[in-house]
Amino acid sequence: MTAALQPQSGILFIAFGSRGDTQPLLVLAHSVSTDPTFTSCRVSFITHAAHMDWIGNLDLSPDLQYFWANSDPFVLPHKVGSKQWIYRKPCLRVYSRLAIPSHSCISPTQRAEQDASQRQCCLSACQTLFAKVPAAARIGLRVCKQPGLIVYNLFSLEGFHLAEAFGLISVAASPCAPPSSAPPGFWDAMAAEDPEFVSSLQASRLPFMRRGGCGDLVSRAHIHEWMWPLFADHWGVWRTAALNLPASPCQFDRTAAPMLLLGISSLLCPESSRSLTTATMCGPWDIHSIQLHRGPEGWLHGPPSSPGSKPLLVDLGCSSRMLDLDQQQAFLELVGALARKSTIGIHLSGSQLRLPELDTRVLEVGSLTQDRRKCSHQKVHLHRDPVSHSHLLPSCCAILHVGGAGTTLAAAKAGTPQLVAPLHFDQEDWACCVARTGIGIRIASLLDMVHRGTDQGRLDDEAESLAHAIQRLVRDPGVAQRCREMEQTLRGEDGVRAALRVIERLLAEGSRVADG
């Protein structure tokens, strides 16, 4: 039995990144706002202003308060040489192993301006929701005067620092595993810079009196697995100047580690998630729990296929923003060639493509149906607005995507076979997960297919190979059976409910501490 929540407790959700990164936390925020348990709580949500349009198409709680940050969710930090600079302290420089296209990057000055705007939005939201200002040297919840909770994803680590400054509980929540553990050289550099702190970390998780809802101290495992980006020096400047905190986090005695919640099913779980020792999996937080405001009638009308067959859905999601203009054009040409080589129609989700700058005529492939009255339709049905996976996937024979966590889950819950062509980040993990569970196949990287098809003049060969892979997948009775089994099992999980019970417990424990 949890303690009663104090009236007017505040819960702040912060989610930056792409739609796939922010949508799961929006589901949690909406669910908290509509759950009777949290009737007395004020719930707010912070994300990029660029997400206003698609959020506006959801039937969300009218009690949910929004704060919009004027920062771009589709850009990444500037690259130094061939490596991306993601972490820097005095005498500490660690670089990413990720290959990031140059068009997606911005200069250090632009990054600093966006960071400042984003952090000011978060600070203002905290001051509005929790009605107080950061105080100097707060030590966890020991001086917490008002119960509250900050939930943030791994692209909005502002939440961790703000919780420390305001004396609140914090929870990191992610629909997928952290992008990477501490890079090579991290611990050597940390030991050289702050040997006392490093030596004070425990090698394993140690229990202590429950404070802030977490039974662990911050340990080497916590930092190595997901907290290491918190120690970048750009956070230090903000902590001292705006939050009245020491430059480095976790400097207080016996600091409680924030909980890391993963919205992942144990049935559909990449190996990178299974290996984490400091995370709690509670099941997926998918958008199906929120009613979508449907668009104009006919938006689900699909492309013509051969009699008795279902169309294919091709959806790169927000990852299409990682392709430059030439790569996006080459991708459209590959889809057009696939339509010519295949007897099935294609739904193409193009909302994240730079369509005004692309030649979409390469998609104009005449219908292969016998009904000449349908010749005005095209085999490729281009969706210029975001598509609803829950509405569209059940009517498709398969989906070709790059392995985003949300798309992988949506297809699994719809029982739709998957072809995964990973592009970057954790998508390779999800591609391997799909192949391991037998609900789809991992095919060549999308960029590899595009490169071979255009630069090497083998577009038709690539399209024909892809068409054969699709046919083998949709005709495999074993895949169909495993997809049905996965669909039935996943629909029995309620990750949102499990997460809400964790939030309820943490907020109640914060209330007890605030009461003294």
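1. Buried here means under 20% relative accessible area, exposed over 50%, and partly exposed in between. The model is predicted, and every remark below is to be read with that in mind.

2. Aromatic contacts. Counting rings whose centres lie within 6.5 Å, there are seven aromatic pairs. One of them joins F130 and F166: the geometry is tilted, with 6.4 Å between the centres and 50° between the planes.

3. F197 sits in helix α6 (residues 195-200), while F231 is in the loop between α7 (220-227) and α8 (233-242), so parts that are 34 residues apart in sequence are tied together here. Both F197 and F231 are buried. Elsewhere, F45, Y66 and W68 make up one aromatic cluster.

4. Charges over rings. The charged end of R119 lies over the ring of W235, 4.1 Å from the ring centre. R220 places its charged end over the ring of W187, with 4.2 Å to the centre.

5. Seven-stranded sheet. Seven strands make an open sheet with parallel pairing, in the order β3-β2-β1-β7-β8-β11-β12. At its edges stand β3 (65-69) and β12 (279-281), each pairing on one side only. On average, neighbouring strands of this sheet are turned by 20° against each other, direction ignored. Five bridges hold β1 (residues 10-14) and β7 (residues 148-152) in a parallel pairing. In this region I11 stands opposite L149 of β7. Helix α4 packs on the sheet and touches β1, β7 and β8 (169-174), its direction making about 165° with that of β7.

6. Helix α4. How many of the residues of α4 are buried? Nine of its nine residues are, and the helix is mostly covered. The list runs E158, G159, F160, H161, L162, A163, E164, A165 and F166. The buried residues of α4 pack against β1, α3, β7, β8, α7 and α8. Just after the helix, G167 has a positive phi of about 70°.

7. T22. This residue is part of helix α1 (residues 19-34). With a relative accessibility of 1%, T22 is classed as buried. Leaving aside residues up to four places away in sequence, T22 touches A15, F16, G17, F45, T47, H51 and W54. Of these contacts, F45 is also a member of the aromatic cluster with Y66 and W68.

8. Six-stranded sheet. Another open sheet has six strands in the order β15-β14-β13-β16-β17-β18, with parallel pairing. The edge positions go to β15 (380-383) and β18 (440-442); each has a single partner strand, so one side of each is left without a neighbour in the sheet. Neighbouring strands are turned by 15° against each other on average, direction ignored. Within this sheet, β16 (residues 398-401) and β17 (residues 418-420) run parallel and are joined by three bridges. The bridge partner of H401 in β17 is V420.

9. Helix α12 (residues 405-414) lies across β16 and β17 and runs at about 175° to β16. Helix α15 (residues 459-474) lies across β13 (312-315), β16, β17 and β18, running at about 145° to β17.

10. Cysteines. How many disulfides does a search of the whole structure find? The search finds zero. C122 is in no disulfide, and the nearest cysteine sulfur, that of C121, is 5.6 Å away. C122 is buried, at a relative accessible area of 0%. C41 is buried as well, with a relative accessible area of 11%.

Definitions and conventions
Residues are numbered from 1 along each chain as its sequence is written. This is a predicted model: local features need pLDDT of at least 70, side-chain atom pairs count only at pLDDT 80 or more; totals for chains, interfaces and linings use all residues. Side-chain values use heavy atoms; hydrogens and water are left out. Rings of Phe, Tyr and Trp (its six-membered ring) pair if their centres lie within 6.5 Å; planes under 30 degrees apart count as stacked, over 60 as edge-to-face and the rest as tilted. Helices (H or I, at least four residues) and strands (E, at least two) are DSSP runs, numbered from the N terminus. Buried means under 20% relative accessible area, exposed over 50%, partly exposed in between (1.4 Å probe, protein chains only). A charge sits over a ring if NZ of Lys or CZ of Arg is within 6 Å of the ring centre and within 35 degrees of the ring normal. Two strands pair if DSSP finds at least two bridges between them. Axes are lines fitted to C-alpha atoms, for helices over the stretch in contact, and angles run from 0 to 180 degrees between N-to-C directions. Contact means heavy atoms within 4.5 Å. A disulfide is a pair of cysteine sulfur atoms within 2.5 Å.
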